[in-house]
Amino acid sequence: MTKNQESKVLGELKRILIIGSGGRENSIAWALSKDLSIEQIYVWPGNGGTSNFKKCICLNLKSDDEQTIIFECKKLQINLVIIGPEIPLAKGWANKMREAGLTVFGPCKEGAQLEASKDWAKNLMIENNIPTAKHWTTHSEEEALKILDRFKQPLVIKADGLAAGKGVTVCETIEQSKDAIKETFSGKFGSAGNKVILEEKIKGPEVSIFALCDGEKLIVLPPAQDHKRLLEGDKGPNTGGMGAYAPASLINQKELKELTELILIPTLKGLKKKKIKYIGVIYAGLMLTETGPKVIEFNCRFGDPECQALMPLMGEEFASVLFSCARGELEKAPQLSFKDSCSACIVAASKGYPEKPQKGDQILINSESKPSVQVFHAGTTLDQSDNIISSGGRVLSVVAQGENFDQAFKLAYDELKQINFDGMHFRKDIGYQVRNI
Ligand code: AMP
């Protein structure tokens, strides 16, 4: 089918709105901007790097409620809305937008519970025989401490709700488990800790797998691996992610197919059994244990920074595929191809990240555009003179592709030398599993 014939089948995709302001949304905008048939990509609120890409601009809105966005989408004749972050998904923005007649890529509020409630996700896994770590859902500190007392081993303590990636404590001792239970119940993560999940501690390398879903069917993307800890050697506090790479060689094509059958398809079926038409990304964070793969978390959107490593691998059909998912007709989409290269992403963070990120520093980027290197912005903004200023903890990422990971990471680290801001720091060992360092 030619591109023209495809667009007749799918309807016209000319104007897109991406909701979000991070590196994930910046990289999605970049990937979509490659599609020649798309006229305009708005990003709300976007960041200091949004307008670096052809056809991409920040949408300025007076108010940040979903009704204002819906009104604006209609005015701008937006054909596709992509909701990047989990909070608007958990709040039901996709429901409201669909009710208003918009075409949306991102799950409804009910489906977003996959990420917004660990208890709900655990039950879905149990009901559908999806392998996961043993767990107890507790409603009071007393109940949780009793379970810990009976189990007599350090546990993983998880706030049930959304806690910006900070609600999980992996405990080394029983004492630490007690403290984490007390802290979580005492409101450290707000209402996210009203219920607390105690989880058996499991061991093994971690890998993330992703599916794009249209409510009925799914397609699987290359697996990725990220680095959550702040410091080299996977030490220090957990962060939103200091880097990632894809495809993760930890699982081969055959294993990915098996994981799709074991985890992704049963998850989508389980959602369907609950009458949830899940349109969007199912992200499963896995641990490959000695007794087989187990799910340690679900996200209801692309993970960041994994998304940044993945976007340069997407074939030019990507926009059409997202559009057909959003319309519930994945069968009409062209087959999504993936570039046969290795993609590396390194996050540059600001001083004080993750506890107290310093903001307001000018960022100097002295690089020329290269086909296999991308600079994706996250915590950046533009001042009145169009200087790029840091505005968050994870400031930007350099992503590069090569024939192998040695090449990709070399390109990315070389490019980082062209970027500078006060207190900039990054890990020098991202992807140590797949390259020579
Ligand atoms: P999550 O936010 O659920 O992805 O958890 C953050 C990190 O905690 C994961 O990337 C794992 O390294 C670790 N983790 C989560 N659950 C477990 C578990 N049951 N056993 C061991 N480590 C875990």
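At 55% relative accessibility, Asp-386 counts as exposed, where exposed means over 50% relative accessible area, buried means under 20%, and partly exposed lies in between (1.4 Å probe, protein chains only). The model you are looking at is predicted, so local features need pLDDT of at least 70 and side-chain atom pairs count only at pLDDT 80 or more, while totals for chains, interfaces and linings use all residues. Residues are numbered from 1 along each chain as its sequence is written, and side-chain values use heavy atoms, with hydrogens and water left out.

Let us stay with Asp-386 for a moment. Its phi is near 65 degrees, a positive value in a residue other than glycine. Asp-386 is found in the loop between strand 21 (380-382) and strand 22 (388-390); helices (H or I, at least four residues) and strands (E, at least two) are DSSP runs, numbered from the N terminus. Asn-129 also has a positive phi, near 55 degrees, and is a residue other than glycine. Look for Asn-129 in the loop between helix 7 (118-127) and strand 6 (135-138), where Asn-129 is exposed with a relative accessible area of 68%.

Another loop residue is Lys-277, placed between helix 10 (253-273) and strand 16 (279-289). Lys-277 is partly exposed, at a relative accessible area of 45%. Between Lys-277 and Gly-101 there are 176 residues of sequence separation and 16 Å in space, C-alpha to C-alpha.

Now for the buried parts. Helix 2 is mostly covered, with eleven of its eleven residues buried, including Arg-24, Glu-25 and Trp-30. Helix 12 (residues 318-326) has nine of its nine residues buried, so it is largely enclosed by the rest of the structure. Among those buried in helix 12 are Phe-318, Phe-323 and Cys-325. Just after helix 12 comes Gly-328, with a positive phi of about 70 degrees.

Aromatic rings come next. A pair of aromatic rings is described by the distance of the centres and the angle of the planes. Here, rings of Phe, Tyr and Trp (its six-membered ring) pair if their centres lie within 6.5 Å; planes under 30 degrees apart count as stacked, over 60 as edge-to-face and the rest as tilted. By this rule the count comes to ten aromatic pairs. One of them is edge-to-face: Trp-30 with Phe-376, at 5.6 Å centre to centre and 65 degrees between the planes. That pair links distant parts of the chain, since Trp-30 sits in helix 2 (residues 23-33) and Phe-376 in strand 20 (residues 373-377), 346 residues apart. Trp-30 is buried at 12% relative accessible area, and Phe-376 is buried at 0%.

Phe-405 and Phe-409 make a tilted pair, 6.3 Å centre to centre with 40 degrees between the planes. Both lie in helix 13 (residues 405-416), four residues apart, about one turn of the helix, and both are buried. Ring pairs join Tyr-245, Phe-405, Phe-409, Tyr-413 and Phe-426 into a cluster. Two charges sit by rings of this group: Arg-435 lies over the face of Phe-409, 4.7 Å from the ring centre, and Lys-428 over the face of Phe-426, at 5.2 Å. A charge sits over a ring if NZ of Lys or CZ of Arg is within 6 Å of the ring centre and within 35 degrees of the ring normal.

Back in strand 20 you will find His-377, which counts as buried at 1% relative accessibility. The side chains of His-377 and Thr-380 are joined by a polar contact of 2.9 Å. A polar contact is a pair of N or O atoms within 3.5 Å; within protein, one must be able to donate a hydrogen and the other to accept it, and residues adjacent in sequence count only if both atoms are side-chain atoms.

Which residues come nearest to the ligand? Of the 14 residues around it, they are Glu-199, Glu-200, Ile-202, Glu-206 and Glu-297, where a residue is near a molecule or strand if one of its heavy atoms lies within 4 Å of it. An N or O atom in the side chain of Glu-199 is 2.7 Å from a nitrogen atom of the ligand. A polar side-chain atom of Glu-297 lies 3.0 Å from a ligand oxygen atom.

Finally, two cis peptide bonds deserve a look: one runs from Trp-44 to Pro-45, with omega near -5 degrees, and another joins Tyr-353 and Pro-354, with omega about 5 degrees.
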